[in-house]
Every structure is written in C-alpha cells, then in structure tokens.
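Kindly read each point with the model in view.

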Amino acid sequence: MDAKKYKGRPQQRVEGGLFRPRVERLFIGGRDKTKLIEGAEWQATEVQAVVGDLPVFGALCFVDADWPIIGGDVSVRGIHVLWARKLIDRMTAPGPQLLDVAATTDLLAARFVRS
C-alpha cells in the first residue's frame, strides 16, 4: 500500500484493445500518473518474492483526491486505486484467515526495515 496526496479525480483509461495492445493508464485530475502504478507493481513484486505463496495485492490510497459519492475505486493493471476507508473495508472484510499476521510482519520487517 502506498499513500498519495493528490488533488483531482483518479480515473482509469484504457487504450487499444481490438487491433492494438490493451494499455491501462491512471489519470488524476486529467494528468497521466501511470508511473505510480508502475511503482506499486514493483513494490508488490518485491513483497511477493519475500512471502512466497501468500496472496499479495498492490494498492494506491489517495487521501486528498476528489472521489465520487458512489463508486470511484478502480483497479489499474491489478493495482487497487482507492481511498483510506475503502482500503480498510477491503482489508478487514470477513473471509478466511490466509496468513499468520505476526509471522508475516516479522518476515517483511527482516527484509525491508533498515536499522
């Protein structure tokens, strides 16, 4: 999860498809911010390499964006783009417990936290 403070409305734009390769981009306030998706993809790949078979998903959490009243969250190239409350709801939704949180925290801290 990467928190960002951007003004404007996050939107997914899809180009190509039928005769050209499908390309998904992230725009915020009309500006191309697809580089943020690329950074989140890299981070998710790094975490996946450490945790192995545990499920990993990337998320960009925009704290100051212009979100619509209904809907608005999107997934761009597998990275969830949403606001803080929506991310909390997704992470705490009822479902099977897939991992040992303490053990996973220790594993990630050993790899990514610098003293």
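1. The surface of this predicted model exposes about 8000 Å², of which carbon and sulfur atoms supply 55%. Of the 115 residues of the protein, 21% count as buried.

2. On charge, the protein carries 17 positive and 14 negative side chains. The centres of these two sets lie 7 Å apart.

3. As to overall extent, the C-alpha atoms fill a box of roughly 40 × 35 × 35 Å, taken along the principal axes. Among contacts between residues at least 6 apart in sequence, 49% join residues at least 24 apart.

4. Three helices and seven strands make up the secondary structure elements of the protein. Along the sequence they follow the pattern β-β-β-β-α-β-β-β-α-α.

5. Three of the strands form an open sheet in the order β2-β3-β4, with antiparallel pairing. Its edge strands are β2 (10-15) and β4 (31-32), each of which pairs on one side only.

6. How many bridges join β2 to β3? There are six, and the two strands run antiparallel, with β3 covering residues 23-28.

Note on methods
Residues numbered from 1 in each chain as written. Predicted model: local features only at pLDDT ≥ 70, side-chain atom pairs only at ≥ 80, totals over all residues. Heavy atoms only, no water. Pairing = 2+ DSSP bridges. Helix = DSSP H or I, 4+ residues; strand = E, 2+ residues; numbered from the N terminus. Buried < 20%, exposed > 50% of the residue type's maximum accessible area, 1.4 Å probe, protein only. Contact = heavy atoms within 4.5 Å. Areas by Shrake-Rupley, 256 points an atom, 1.4 Å probe, with all protein chains shown as cover. Lys, Arg positive; Asp, Glu negative; His and termini not counted. Charge placed at Lys NZ, Arg CZ, Asp CG, Glu CD.
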